Amino acid sequence: MVVARFGIIGLSNVGKTTLFNALTGLEAPTAAHPFSTTTPNVGVAEVPDPLLEEAAAVERSKKIVHATLELLDLPAMGGASMAGQFLGRLREMDGSIAVLRAFEDDAVPADESGTDPVGQAEELLLELTMADADVFERRAGKIVKEATADPKKKPAADAIAEAAKVLSEGIPLRAMEWSPQALAAFRDLAPLTLRPTVWVVNVDEGQDGEAFRSTVADVVPAGDAVVVLSARLEEEAARLDPADREEIFAELGLGEGALAEMVRAAYSALGLLTFYTLGPKEAHAWTVRRGATAPVAAGKIHSDLERGFIRAEVAPIEKVIAAGGWDEAKRQGLVRVEGKDYVVTEGDVIVVRFSV
Ligand SMILES: Nc1nc2c(ncn2[C@@H]2O[C@H](COP(=O)(O)OP(=O)(O)OP(=O)(O)O)[C@@H](O)[C@H]2O)c(=O)[nH]1
Ligand SMILES: [Mg+2]
């Protein structure tokens with residue numbers, strides 16, 4: 001099982017813990033005063049997945065198994081509390097979810113963050129970049145010396161020195177192209193600015209924040225995803241029965257809800273995709289790296305399926321749902337037979353034929 005781990009970061013009182021609660025269904029304390037989170041909250045989010053639920057309904061699956069995301073809700077950045085230890089925890093994550101406050105609320109002081117998401121994005125980026133610069137400069141100092149005695153270390157030393165220079169100019173590492181050798185040299189240093197980041201603009205219920213998608217995207221490294229949502233609305237919705245939640249989102253014109261979009265962006269930022277197995281016992285969402293072949297995907301389900309892989313029957317989940325189930329999709333000729341070189345695509349439903 002691929003586990004995707006994300007750290008939730010942001011300035012104080014922007015709604016980090018509220019978003020964490022919305023995603024995990026937990027009830028970690030949130031408060032209207034700044035710096036309310038002093039130790040990290042840890043939780044697991046089920047990936048909201050309307051297609052999985054629809055497919056389970058047509059197959060009458062007894063159980064639904066969602067893909068998951070591990071989340072770490074950190075104390076605010078920008079304060080002394082964020083120095084050191086918590087950045088270390090963030091370095092252990094695969095990616096970051098950065099919360100930017102756009103909502104205005106007199107009851108929730110905005111002294112630490114303001115309500116301009118663009119300025120906050122710039123501030124956070126700079127803080128992470130400076131933290132990396134520190135680590136890289138220290139390492140560069142040592143490894144450049146080591147390389148004079150051991151020429152094998154020269155390429156790594158050059159790459160780290162170059163990265164230290166880039167960082168000290170305020171440029172996050174993912175804004176530049178690096179060779180595979182350079183990236184390998186950086187790995188031990190776990191740079192924060194190489195982590196894929198999803199930027200979440202936290203608006204008030206009913207506030208139109210669509211314009212922030214492009215204004216935030218303009219100041220963050222190209223390719224970072226920007227999502228607009230109301231953390232408080234999502235937190236309230238997460239406490240409801242799924243059927244009521246759907247109805248409320250439909251009434252508000254929010255479709256599947258912004259959390260689903262946010263989590264998909266997080267998955268895609270890590271280069272992960274979702275495929276499915278469906279049956280009367282369970283409807284199951286699985287996670288693999290983009291580019292994984294059918295046998296590798298089969299191995300996520302069970303190692304026997306990878307070892308004894310013969311072929312896979314494959315159909316897109318939307319078509320399976322539209323046909324009214326897997327058997328009907330097969331009768332309609334919508335199911336393809338794929339061999340061991342087949343590269344799995346997002347939304348594939350797979351039946352593995354194997355023998356061991
Ligand atoms: N009006 C409004 N209030 C919100 C929204 N999201 C969060 N809040 C409120 O803002 C306050 C701070 O939320 P938290 O989730 O504790 O914020 P945080 O970023 O975790 O704060 P620290 O841990 O102190 O840095 C709480 O009172 C929330 O209810 C929103 O979308 N709209
Ligand atoms: Mg908090």
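1. **H4 against H5.** Helix H4 (residues 117–149) and helix H5 (residues 154–168) have axes that come within 8 Å and cross at roughly 150°. Here, axes are lines fitted to C-alpha atoms, for helices over the stretch in contact, and angles run from 0 to 180 degrees between N-to-C directions. That angle makes H4 roughly antiparallel to H5; angles under 35 degrees count as roughly parallel, over 145 as roughly antiparallel, 65 to 115 as roughly perpendicular and the rest as oblique. The crossing of H4 and H5 is left-handed, a term used if the near helix is turned anticlockwise from the far one by less than a right angle, with right-handed for clockwise.

2. **Before you read on.** This is a predicted model, in which local features need pLDDT of at least 70 and side-chain atom pairs count only at pLDDT 80 or more, while totals for chains, interfaces and linings use all residues. Residues are numbered from 1 along each chain as its sequence is written, and chains are lettered from A and ligands numbered from 1 in the order in which they are written. Helices (H or I, at least four residues) and strands (E, at least two) are DSSP runs, numbered from the N terminus.

3. **Who meets whom between H4 and H5.** On the H4 side, the contact includes Thr129, Asp132, Phe136, Glu137, Arg139 and Ile143. Their counterparts in H5 include Lys154, Ile160, Leu167 and Ser168, along with several alanines, among them Ala156 and Ala164. Two residues are in contact if their C-beta atoms, placed from the backbone, lie within 7 Å. By class, the contact of H4 with H5 has 13 nonpolar, two polar and four charged residues. For this count, Ala, Val, Leu, Ile, Met, Phe, Trp, Tyr, Cys and Pro are nonpolar, Asp, Glu, Lys and Arg are charged, and the others, Gly among them, are polar.

4. **H4 has another partner.** The axes of H4 and helix H7 (residues 210–217) come within 9 Å and cross at roughly 30°, and this crossing is right-handed. Pro117, Val118 and Ala121 in H4 meet Phe212, Thr215 and Val216 in H7. Which classes make up this contact? The residues divide into five nonpolar, one polar and no charged.

5. **The six-stranded sheet.** Turning to the strands, there is an open sheet of six, in the order E2-E4-E1-E5-E6-E7, with mixed pairing. Strands E2 (41–46) and E7 (225–229) are the edge strands, each pairing on one side only. From one strand to the next, the twist averages 25°. Two strands pair if DSSP finds at least two bridges between them.

6. **Pairings worth checking on screen.** E1 and E4 are parallel over five bridges, and Gly7 stands opposite Leu72 in E4. E2 and E4 run antiparallel and are joined by six bridges, with Gly43 opposite Leu71 in E4. In a regular strand the side chains alternate between the two faces of the sheet.

7. **H1 and H8.** The axes of H1 and helix H8 come within 8 Å and cross at roughly 30°, which makes H1 roughly parallel to H8. Their crossing is left-handed. Thr18, Leu19, Asn21 and Ala22 in H1 meet Ala231, Arg232, Glu234, Glu235 and Ala238 in H8. This contact has four nonpolar, two polar and three charged residues.

8. **Around ligand 1.** How many residues surround ligand 1? There are 25, the closest being Gly15, Thr17, Thr30, Thr37 and Ala76; a residue is near a molecule if its C-beta atom, placed from the backbone, lies within 6 Å of it. H1 and H8 (231–238) are the elements that give two or more residues to this shell, and H1 gives the most, with three. The shell divides into ten nonpolar, eleven polar and four charged residues.
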